Amino acid sequence: MIKLGISAFYHDSAACIIKDNQVLVAAEEERFTGIKHDSSFPIQAISWCFKQTKLKIKDVDIVYWYEDPIVKHDRVTKIFDKRWFRTFFLRLKYNRQRKENDPAKLLMDLGYRGKIHYTPHHQSHAKFAYFTSPFKESAILTIDGVGEWETVTISRAVGNEINKIKTIEFPNSLGMLYSTITAYLGFKPNEGEYKVMGLAPYGNPKNKFRDKLDKLFSKRTTNKFWFDQKYFTWEYSDKIMFNKNLCHLLDLPPRLPEEPIRQDHKDLAYALQSLYNREFSKLVVLAKNITASNNLCLSGGCAYNGVANNLAYSKFKSVHIPFSPSDAGSAIGACLTSHIKLNPYLGPEYKNEDITRLLYDEDIRKKVRFVNDSYANIVTKVAQKLHDNKVVAWFQGKMEFGARALGNRSILANPLDPNMRDKLNRVIKKREGFRPFAPSVIEEKAKDYFNINEPIPYMNQVVQAKTDYFPSATHVDGTSRVQTVTREQNPRYYQLLKEFEKISGHPVLLNTSFNLKDQTITRTPRQAIERFVHSDIDYLVINNIVILKN
């Protein structure tokens with residue numbers, strides 16, 4: 001059976017092809033368009049999937065769509081009906097887009113005439129988390145902005161069965177609240193939440209915003225919450241998420257993107273993360289109480305909140321968070337019906353001969369020179385360059401699926417150098433100086449350096465560092481968003497970490513995604529070379545080729 005899985009029209013559009021419960025390929029549309037969190041119909045990702053597998057649309061037995069458009073339409077129209085006059089033009093826009101974005105029509109344009117299975121949004125999240133986990137039974141907690149109606153679900157899974165037990169529905173949404181304050185702080189919703197998490201530790205724990213944010217709740221119980229909608233525009237605007245009532249409550253003007261970040265902004269970020277941690281912890285307790293499981297799967301866009309994720313161990317012995325818990329991963333999750341062994345390396349890869357051919361291109365030869373070497377020699381030389389505080393772009397194998405670069409499309413640096421974080425933020429990534437970087441560490445040594453409960457292969461938990469060895473990969477509050485690496489999962493990256501250990505004494509590297517400011521993660525060798533040439537990165541390694549600037 002050939003399945004085509006698709007997610008689209010909110011954020012992080014993606015496509016995958018599954019054959020007999022094996023994911024052959026998967027890719028996000030943003031990798032091809034260069035538009036971060038691209039929400040459009042993933043036509044380029046679909047085309048690449050077919051090209052890579054040598055399949056055609058006629059070979060597809062069934063298409064799985066990651067949400068139910070009919071239930072989503074029910075929510076949108078009922079919300080519009082609450083403010084008929086105020087949402088008049090928004091309704092017209094929605095009706096036009098609904099026709100343009102009809103999955104059946106778009107697939108028919110591709111030549112598909114078969115069945116489309118609409119998997120409910122939060123069920124797609126839950127299936128991706130559970131069926132990629134090692135658990136045979138588990139609690140599942142999904143949290144995001146909004147699916148059709150749901151913003152939170154708690155399920156109990158046993159074998160191949162997932163039974164939903166508890167839901168919270170729109171407009172009561174922790175994800176929407178986090179995005180709203182992200183926008184208030186001058187960052188882009190559905191993208192800048194990472195910045196808010198990074199900014200939060202700079203805030204004062206005892207600040208005026210904690211009590212103010214509590215007033216956003218109209219009601220709370222031990223297992224549910226309701227938001228007072230007088231502060232938000234979620235129900236009648238697609239341009240802005242808050243109104244003047246929130247401005248008056250916070251007594252702080254919304255920050256414009258170009259304005260400097262002040263202590264009040266840091267305090268607000270701290271208060272938001274503190275509130276999210278509290279409400280997340282309540283949901284964790286509820287999930288434990290109603291499922292009685294020792295295992296927990298987390299999914300939905302909010303499962304990227306690594307600060308909160310680690311709090312789940314207060315009630316659960318083991319926690320699984322998939323490598324792409326947001327809507328992109330739901331393109332895969334919508335298709336799954338049983339457990340599957342899956343790693344995140346599902347995207348494009350390139351052969352050495354293709355890269356060499358590219359490097360002999362006349363225009364590129366003017367910019368760079370290169371050395372072809374053995375795998376072993378390159379790993380040894382790169383480890384030494386990293387120890388010498390050089391910055392290396394590391395491009396190898398299949399591209400990662402999801403928001404994290406996990407050693408195949410990464411910029412690597414020495415975490416022992418106290419100046420490296422500022423150098424990367426200011427000179428190379430060209431981003432805010434408060435943004436932290438993550439350390440990669442071989443799995444068997446991870447507990448020597450970080451207070452982890454179990455392996456963290458997908459860089460989705462923030463934990464306390466046990467040492468001060470890594471000043472450039474440890475945040476201001478002494479935490480790190482760790483990636484544990486095994487030889488089985490990524491043999492070449494693992495070997496690089498081991499070589500770095502021989503020189504430095506520590507199998508740890510600073511790892512950030514291979515992209516510059518406002519760019520998507522590097523997909524092609526040509527992109528890699530262009531970005532390398534126009535940055536202050538010292539070396540570029542593509543497979544077995546070391547590239548230097550002329």
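This is a predicted model: local features need pLDDT of at least 70, side-chain atom pairs count only at pLDDT 80 or more; totals for chains, interfaces and linings use all residues.
Close-up 1. Sort the contact of α7 with α11 by class and you get 10 nonpolar, 1 polar and 1 charged residues.

**Close-up 2. Helix α11 from one end to the other.** Count along α11 and you'll find 29 residues. From its first C-alpha to its last, α11 reaches 42 Å, close to the 42 Å expected at 1.5 Å a residue. Just after the helix sits A292, with a positive phi of about 60°. For context, most residues other than glycine have a negative phi.

Close-up 3. Which two residues does the cis bond join? They are F170 and P171, and omega there is about 10°. P171 is found in the loop between β8 (161-169) and α7. As a rule, most peptide bonds are trans.

**Close-up 4. D214 in helix α9.** D214 belongs to α9, the helix of residues 209-214. With a relative accessible area of 23%, D214 is partly exposed. Setting aside residues up to four places away in sequence, D214 touches R220, L275 and R278. G198 is another story: D214 and G198 are 16 residues apart along the chain, and 22 Å separates their C-alpha atoms.

**Close-up 5. Helix α16 and its buried side.** This helix runs over residues 375-387, 13 residues in total. It reaches 19 Å from first C-alpha to last, close to the 18 Å expected at 1.5 Å a residue. Which residues of α16 are buried? They are I378, V379, V382, A383 and L386. These five cover an arc of only 130° around the axis, so they sit on the same side of α16. Their cover includes the helix α19 (491-504). Strands take part too, among them β14 (392-395), β15 (409-413), β20 (508-513), β21 (539-542) and β22 (545-549). After α16 comes N389, whose phi is positive, near 70°.

Close-up 6. At 24% relative accessibility, N21 counts as partly exposed. K430 lies in the loop between α17 (420-428) and β16 (438-442).

Close-up 7. Is L55 buried or exposed? At 18% relative accessibility, L55 counts as buried, because the cut-off for that is under 20%. You'll find L55 in the loop between α2 (43-53) and β4 (62-65). Leaving aside its neighbours within four places in sequence, L55 is in contact with I2, I17 and F50. L55 and I2 are 53 residues apart in sequence, yet 9.4 Å apart in space, C-alpha to C-alpha.

Technical notes. Residues are numbered from 1 along each chain as its sequence is written. Side-chain values use heavy atoms; hydrogens and water are left out. Ala, Val, Leu, Ile, Met, Phe, Trp, Tyr, Cys and Pro count as nonpolar, Asp, Glu, Lys and Arg as charged, and the others, Gly among them, as polar. Helices (H or I, at least four residues) and strands (E, at least two) are DSSP runs, numbered from the N terminus. The expected span of a helix is 1.5 Å times one less than its number of residues. Buried means under 20% relative accessible area, exposed over 50%, partly exposed in between (1.4 Å probe, protein chains only). The arc is that of the directions from the helix axis to the C-beta atoms. Contact means heavy atoms within 4.5 Å.
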